[in-house]
Amino acid sequence: MIHDSGMPAPLARVVEMLASLPGIGPKTALRLGLNLLSRPASDSTALAESLAVLHEQVGFCETCGCFSERGLCHFCNDSRRDAHTVCLVEQPVDVLMMERGHGFRGLYHVLHGRLSPVDGVGPEQLHMAALDKRVAAGLKELILATSATVDGEATAHYLARRYDASGVKISRIARGVPEGSELEYLDEHTLSRALDQRVSWAVTARQR
Ligand SMILES: [Zn+2]
């Protein structure tokens, strides 16, 4: 069967599915579809099989909300990580970004969103009950790494208030000048925040 586009219908279907993905326009989708067709059939089968089990095999950690294949994620299962320090982020993908830096050795907590009164997202719509339990269990530090958006800031303030009396130390990631960037290219909010959140610059720090 030939599709309206002139392509064989099965190819048109693949192109249509690919084009529905973010960042892939119709031309790229066609290029990818043709590329798959030009490769051994086993490549397409392998791709189809990996897609078929994606939802079934990837879920979220019951404790922290990170991606997990079953039960606890590999962060929560890793006894070498500091279980007393938790970095809170909005989405599972934020954890992947944090891990790219290789600097953080604590655990994570993924809210799966942020407070947004306009969209009807309150604390009960977020992965908050599990966080209450973790804080109550004697967490030492909660690092708020929600986004620098209005809602992200409001969420951070809300969490700081929610756990104010719990004894956990609350901190907020600093949003400063990106490494290697000239001040002239920063927007004024980034720059004024960088100034507001300046850290003490001792002699030892300067000599590093
Ligand atoms: Zn976990």
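I will speak about the domains, then the sheet and its helices, and then a few individual residues.

Please bear in mind throughout that this is a predicted model. The domain assignment divides the protein chain into domain 1, covering 9-57, and domain 2, covering 73-173. Taken over C-alpha atoms, the centres of domain 1 and domain 2 lie 35 Å apart.

Helix α3 comprises residues 41-52. From its first C-alpha to its last, α3 reaches 16 Å, close to the 16 Å expected for its twelve residues at 1.5 Å a residue. How many of the twelve residues of α3 are buried? The count is zero, and α3 is thus hardly covered.

I now turn to the sheet. In what order do its four strands lie? The order is β4-β3-β5-β6, in an open sheet with parallel pairing. At the edges are β4, residues 106-110, and β6, residues 169-172, each of which pairs on one side only. From one strand to the next, the twist averages 25°.

Let us go through the pairs in turn. Strands β3 and β4 are joined by five bridges, in the parallel sense. Within this pair, L88 faces H109 of β4. Between β3 and β5, which also run parallel, there are four bridges. Here L88 stands opposite L144 in β5, and C87 has I143 of β5 as its bridge partner. Strand β5, residues 141-144, is in turn joined to β6 by four bridges, again parallel. Across that pairing, E141 stands opposite K169, and L144 stands opposite R172.

Which residues of β5 lie on its covered face, and which on its uncovered one? The covered face carries L142 and L144, whereas E141 and I143 are on the uncovered face.

Together, β5, α7 and β6 form a right-handed β-α-β unit. Another right-handed β-α-β unit is made by β3, helix α5 and β4, where α5 spans residues 92-100.

The loop between β5 and α7 contains A148. Is A148 buried or exposed? A148 is exposed, because it has 12 other C-beta atoms within 10 Å, and a residue with 12 or fewer is classed as exposed. Leaving aside residues up to four places away in sequence, A148 touches E153 and R175.

H112 lies in the loop between β4 and α6, the latter being 129-136. Most residues other than glycine have a negative phi. H112 is not a glycine, yet its phi is positive, at about 60°. H112 counts as partly exposed because it has 15 C-beta neighbours inside 10 Å.

Finally, R70 is found in the loop that links β2, 67-68, with β3, 82-89. Why does R70 count as exposed? The reason is that R70 has 10 C-beta neighbours inside 10 Å. R70 and V58 are twelve residues apart along the chain, and their C-alpha atoms are separated by 7.6 Å.

Notes. Residues are numbered from 1 along each chain as its sequence is written. This is a predicted model: local features need pLDDT of at least 70, side-chain atom pairs count only at pLDDT 80 or more; totals for chains, interfaces and linings use all residues. Domain bounds come from an automatic or database domain assignment. Helices (H or I, at least four residues) and strands (E, at least two) are DSSP runs, numbered from the N terminus. A residue is buried if 20 or more other C-beta atoms lie within 10 Å of its own, exposed if 12 or fewer, and partly exposed in between; C-beta atoms are placed from the backbone. Two strands pair if DSSP finds at least two bridges between them. Axes are lines fitted to C-alpha atoms, for helices over the stretch in contact, and angles run from 0 to 180 degrees between N-to-C directions. A crossover is right-handed if, with the strands pointing away from the viewer, the path from the first strand over the helix to the second runs clockwise. The expected span of a helix is 1.5 Å times one less than its number of residues. Two residues are in contact if their C-beta atoms, placed from the backbone, lie within 7 Å.
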